[in-house]
Amino acid sequence: MNNLNGSEKQIAWATDIRKEFIEKTKADMKSADKNDVLDMKAMLKVADNITEAADWINARRNPKIMFFDRADFWEARREIKAAEKPAEKEDSGRKPSIRDILKAKIAEKNGVGASV
């Protein structure tokens, strides 16, 4: 974790707030829906970038609010979503659509050799 900037008292307080936020977020991820998990992963990734103790203290009642106006949060969210998207397609276990089957049959008939 990056060091926080502020007075000694602020740093001690903000360190506790940040630690509690990280622990609670990790615990909440186990029961959250897909979009919330994506947000939580991005928050955890960006939490270390918030180095002003005052930011953690001012948002202590709901630390999540301080992430949504940060460009690095949205960038991290996009990166995480992009990294997870191919894995979802591979593991989807869905049956091929009729369109996919027909495309494969046409390709096979034309000698392209595509399969479903």
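Here are my notes on a helix and some charged pairs.

This is a predicted model, where local features need pLDDT of at least 70, side-chain atom pairs count only at pLDDT 80 or more, and totals for chains, interfaces and linings use all residues. Residues are numbered from 1 along each chain as its sequence is written, and side-chain values use heavy atoms, with hydrogens and water left out.

1. Start with helix 2, residues 34-47 (helices are DSSP runs of H or I, at least four residues, numbered from the N terminus). Its buried residues include Val-37, Leu-38 and Met-40 (buried is under 20% relative accessible area, exposed over 50%, partly exposed in between, with a 1.4 Å probe and protein chains only).

2. Now find Lys-45, which lies in helix 2 and is partly exposed at 45% relative accessible area. The side chain of Lys-45 makes a polar contact with that of Glu-79, at 2.9 Å (a pair of N or O atoms within 3.5 Å; within protein, one must be able to donate a hydrogen and the other to accept it, and residues adjacent in sequence count only if both atoms are side-chain atoms).

3. How many salt bridges does the structure hold? There are six (a side-chain nitrogen of Lys or Arg within 4 Å of a carboxyl oxygen of Asp or Glu). One of them joins Asp-48 and Arg-18, at 4.0 Å, N to O. Asp-48 sits in the loop between helix 2 and helix 3, and Arg-18 in helix 1, so the pair ties together parts 30 residues apart in sequence. Arg-18 is buried, at 3%.

4. Lys-41 forms a salt bridge with Glu-84, the closest N and O atoms being 2.4 Å apart. This pair links helix 2 to helix 4, 43 residues apart.

How values were computed: Helix = DSSP H or I, 4+ residues; strand = E, 2+ residues; numbered from the N terminus. Expected span 1.5 Å × (residues − 1).
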